[in-house]
Each structure stands twice: as structure tokens, then as C-alpha cells.
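Keep to what the coordinates show, topic by topic.

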Amino acid sequence: MRRPARWTEPMDASMTDADVKWLRSRQPFASMDESAFPRGAPIEGIIRGDTRLHRCEPGEVIVREGDYGNSAFLVLSGETSVLVDSLDPKLLGRPPVEKKSWIDALGEYLGQSYLGRSKLVEARRPDQVTTDLPANDEHDNQNNPASIRQVDDRPAVFLQDFGGVLKGSNTITIGPGELFGEVAAMYRSPRTATVIAKTETTLLEIRWQGLRILRRDPCFADTLDKHYRENWLTVHLRELPLLRHLPEAGLERVAKATQMRSYGRMEWNADYKKSRTLPVEQQIASEPLVASEGAMPTDLIIVRSGFARLSQAYGASERTTAYLGKGHLFGLEEVATNSARTDNSAPRTLKHSLRAVGFLDTLQIPVEVFATEILPFVRRSELPEQVAALLQNQDADRSGKEDRRKSNRDKAVAKSDWNDLPTSGGQRFQPTGLLEFVVQNRLNNGQQAMVIDLHRCTRCDDCVRACAATHDGNPRFTRQGISHERLQFTQACMQCDDPVCMIGCPTGAITRNDETGVVGIHESICVGCGVCASSCPYENINMVQVQDHAGRPYTDIATQKPIQKATKCDMCQDSPSGPACAAACPHDALVRIDLTQSKPLRDWLDQRGAT
């Protein structure tokens, strides 16, 4: 059996030798130093395997604000417009979810109770199936100003009056030779703006793997780093509570010294099924090592996206002690202690090892910069107790009782004002077995995981029936899933913190609600390609055929095949009572809970005496 090569499946199978030669003659590829690239990944190989050419027509939406993506776009010809201001979601085919009133919800319940539930499954109105309706249809297109058209071999979303939209919006024009989308691609973050083709445009899409290798060229890497540092790094650093009191000049110096590093595969979902079956010790050993227990800390590590595992040596293997998510810090206690220690005390080494779970993106601040630029502006309450006590003793030695009184005042103020600080110790569960289970199965990715207490559950299936009644006769979950002792983690969409299902949707039909964090599907622009369903590592998205309210299946005019739509748990966003599954459980056995933080599940278990 032949092992798969780096580009066994190129991004664009139709890329020709002529295309590669033409692209190699254009910037930024023309000026790249070939000697900077490894023999197994030459520039021509990256172009052939990790890029794809796109022809975009005027008015086509290229990327949407809020989209997740793993690729950047290089403009080869034509012009694109970046909308500085947020666009009305309706223009992108994403109308807001309208909540039912209590009267409507009660009427629906009574109708199902006395008249019986409809036998039609997944029934839709025409405007819920497509945006391209004839003008004289009773459900006209006024509420759906976006349309879907086929461009070459792919579906694309267009704005009907894109000229008027651009004219009334604050825009930035991007022309040939300029790159956009690289920040979202490199640092696993949502797109910050919508980009529309202003004229007929030719784009080169460069996926994340190729973009990372292209950074071997010093000039290209400097361009990307300069753009990120000038526009985003200080913003991301200022979001950290630990740095919020730094003066601007100090923040600039910290930003200049900060290193950006990534570990693991961005497409961690591709390895998920294989890695979750490994014994815990093998899974830990296979994860990229970021920092090692017992080593001298050289940086304060900030988790920017993804997840990391804290572990300690336990006999001949490792034992998980906590996990870290976005905004958490690693090494704060050791770095701060070493920065504040006296000359006659020994330096502290790292108490834990840090490993990437799937994919991890970090910002790393050198210890020297932390000591000179950050520590003087950090309140004592924001530091580990041991470090705070050390600094307070030093203050007392220098300034006497007055400084101790001031420290007490600061501590009293901090007690009421700084409760929003994330712990540097990460997220913990007791007993340790549950912690290992949560991390091994990537359940720590779930913001709204469905957890069932099997000691209370009577298997009555009221939760499933309530979900079916709310969603056109088709429940959005099954009452099954992996279990740990008395807890079952049910197979329902968890509204992931890192929603890999949103990467690759050609029309942007799958989106995250900015206010609730719920990942939803706008069916009117869903083309039924199944990319989201195949990307979901938890198999919580299903493709279903839809029909009208007379029971007739919708079919595609071009292919005459039934139309499919992606369906998943939407947390009953249109219901005034919230998720029907939890509301219908008569035994309080089911809960929707945030597993990216340990406290909600720990508190829930404590209430039930399950820990």
C-alpha cells in the first residue's frame, strides 16, 4: 500500500502546467527565493497543490463577515471591495430568526395535541428552500435580496443591487497583487469583513497549509507579519485582562516582542476519529509538545484559539490536570515568580507540560518583556497568590505600613471589580477520569453540549418527541452517544467553540449568531452540498430531503433530483421557552451545558452529588 503524498489530493485538480507557469511569473511568487523552500515543497508544488483559481463576477460575495475559513485570497486581476461597515444579514441571504410569541407557541402545542401531529416530515415553504423565486410568487423575493447563481463549477451568492450597496457603504478597494483573508486563515478566527467583487475578478485562493510554507520566503513572511502587527496584534493583546492597564507605549513594545506560533493541524477533525480511540497515554504522547514540565519558562504563553492540555508526570506516563481554551495563560505563576524573586532565591521551573489538543494558536511574550513592561502594571489580585504575597512583602520592606494599607485597599477594590478574569490554571474536573474523557473526545469544544444524567433518565423519549414536534417531525438529535459513568454526552450539535463545519460552505449558509453563539443554517441559500455534514467531527449534521406542505418533494430544475438541506440542532432559537428537549424532560435529567469552561458542569454535578 502506497502512503499518501503531500499533494495526493490537490486543492484544484484542474490546475495545469500553464497555470502554474503563469502564476510563477506573477508577484509575490516571481520574487520568492527558491532556496528558502524544502526540496519536498517547492514553490511550484505549493501553487499546484495548495491553490485554486476563481473567476468572480461583479456583485459576487467572496467572503462574508463572521465566516470561518482556512484560506486567503490573492487578487490577480480586477477589483474587490471590502465593506468596512457590517452588511445587513438579509442582503447575504441570512434573515434573522423570528421568535414565536407565547400565543403562537401555545396555539401550535394545542393544535398538535387535539388535531394530531402533521405526518409531513421536513415540510417547507418555497421561500425557505430558495432565494430565486419569480417576482409574481406569493412569497416574492423582497425579503431575500440575495440570489444564488452558478459561476463555472460552483454556486455563489450575489447581491441584487450591489452597486447601490457599495455606493452607500464605507468600502476599501483591493486590487491586483493584494492579499486578503490571511488573518482568518492563519489564526483560525472569523472573517472580520465582507468582500464583494467590484468588477470581474480573478482570484487565487491559497489554503492555510500552503500559506504557512510560503512564509519561508522572508519578504512574504514580513509582509504578512507587518499587516497583522499593524492591524490586529495590539487589539488582541488589549483584550487580555492582564494587559488592560498597560500604557499605549508599553503595549506597542510588548506587541513588537510577541511571537505568534501555531501547533498541530488546523484540520484536526480529520484525525479526530482515529485519535479518540487511542489509549490516553498514547493520545497524550501524540500531541505536539509546546512546553515541558521541569523546563525553565522562557515565555508567557497566551492561548489565542484552539485547546491545550496541561499534564504532569505520573509514574511512567502523563496525567491530565486541566485544559486551556481561548484567553487562558500558561506559565504565569512561574514567569511572575521568577520576575519578582530576589537574587538569593532559586528560579521556578514549569510545573506542567503543555500540549496542543488538535490545533493550538498562541501568542508568546518573552519573560524579559513581561518583567519590564507588564508586571509593574498588573494588580496584585490578577497574579497567583504566591506571587502577590512576594510582591507585597517587597513593597512592605520598602515602604512600610502605608504601602500595606494601600495594598489592602487595592485588594478590596479588586474583589468586586475583577471577577471576570480567566484563571491561569485552566479548566479542571474532579475526578480526573472525567477530565481525561472530556479532552480525549474533544467535548471541551462544546458550548451547548447535551448531557443526560442516566441515573435520572427513564428513557421515556419525551425529549426526542418534543424536538420532533418543534422541527417538522424530524428530531435534530438521537438519544445516544458516548458515556462516562452516569453521564451520557448525547449526539446533538454542541454549538462548537471551534466550528469546523463552517469552513468550506460555498454560500455561507451556515453561520454563528453573534449574540447567542448558536450555529445555524439559513436554508434558503443552502445548496445541499453536504460539506458541513462531512466536516462535523461529531456527525451532528444530517442531510434531508425537503417537501412542500402538500407532501410533494422539491426537485432541482436542472438535475430533476430531490433537493436536500442540511439540518442540525438550532437550540430552538424561534421558541420563547428555549430548547424543547430540556424543557420537556419530566425528570430534570437533561441539560445543555458549556464544556469549554469546567464550572458549569462541575456545579451541575455538585448539585446532584455526582462528584
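The model is predicted. Another open sheet of four strands runs E1-E10-E3-E8. A search of the whole structure finds six aromatic pairs.

- Strand E4 (residues 80-83) and strand E9 (residues 194-197) run antiparallel and are joined by four bridges.
- Thr 80 stands opposite Ala 197 in E9. Leu 83 has Thr 194 as its bridge partner in E9.
- E2 also runs antiparallel to E9, with two bridges between them. Here Val 63 stands opposite Val 195 in E9.
- Are the two faces of E9 covered or open? Both are covered. Thr 194 and Ile 196 lie on one side, Val 195 and Ala 197 on the other, and all are buried.

**Sheet E1-E10-E3-E8**

- This open sheet also has antiparallel pairing.
- Strand E1 (51-56) and strand E8 (179-180) are its edge strands. Each pairs with a single strand, so one side of each is left without a neighbour in the sheet.
- E1 pairs with strand E10 (residues 201-207) over six bridges, in the antiparallel sense.
- Within that pairing, Leu 53 has Leu 204 in E10 as its bridge partner.
- Helix H1 (residues 17-24) packs on this sheet. H1 touches E1, strand E3 (71-77) and E10. The direction of H1 makes about 85° with that of E1.

- Where is Arg 124 found? Arg 124 is in the loop between helix H3 (102-115) and helix H4 (126-129).
- Arg 124 has a relative accessibility of 3%. Buried means under 20%, so Arg 124 counts as buried.
- One is that of Asp 472, at 3.0 Å. Another is that of Glu 523, at 2.5 Å.
- Neighbours within four places in sequence aside, Arg 124 is in contact with Val 129, Asp 472, Arg 476, Glu 523, Val 546, Gln 547, Asp 548, His 549, Tyr 554 and Thr 567.

**Helix H17 and Asp 472**

- Which residues of helix H17 (residues 462-470) are buried? They are Cys 463, Val 464, Ala 466, Cys 467, Ala 468 and Ala 469.
- Asp 472 follows H17 and has a positive phi, near 55°. Asp 472 is also a polar partner of Arg 124, side chain to side chain.

**Aromatic rings**

- A pair of aromatic rings is described by the distance of the centres and the angle of the planes.
- The whole structure holds six such pairs. In one of them, the rings of Trp 268 and Tyr 538 have centres 6.5 Å apart and planes at 55°, so this pair is tilted.
- This pair links distant parts of the chain, 270 residues apart. Trp 268 is in the loop between strand E11 (259-264) and helix H10 (269-275). Tyr 538 is in the loop between helix H18 (531-535) and strand E22 (542-545).
- Trp 268 counts as buried, at 7% relative accessibility. Tyr 538 is buried too, with a relative accessible area of 11%.
- The rings of Phe 437 and Phe 489 have centres 5.5 Å apart. Their planes are at 40°, so this pair is tilted.
- Phe 437 lies in helix H16 (residues 432-440) and Phe 489 in strand E19 (residues 487-491), so the pair ties together parts that are 52 residues apart in sequence.
- Phe 437 and Phe 489 are both buried.
- Trp 268, Tyr 272 and Tyr 538 form one aromatic cluster.

**A charge over a ring**

- The charged end of Arg 149 sits over the ring of Phe 158. The distance to the ring centre is 3.7 Å.

Notes
Residues numbered from 1 in each chain as written. Predicted model: local features only at pLDDT ≥ 70, side-chain atom pairs only at ≥ 80, totals over all residues. Heavy atoms only, no water. Pairing = 2+ DSSP bridges. Buried < 20%, exposed > 50% of the residue type's maximum accessible area, 1.4 Å probe, protein only. Polar contact = N/O pair within 3.5 Å; in protein donor to acceptor, adjacent residues only side chain to side chain. Contact = heavy atoms within 4.5 Å. Phe/Tyr/Trp six-rings, centres within 6.5 Å; stacked < 30°, edge-to-face > 60°. Lys NZ or Arg CZ within 6 Å of the ring centre and 35° of its normal. Axes fitted to C-alpha atoms, helices over the stretch in contact; angles between N-to-C directions.
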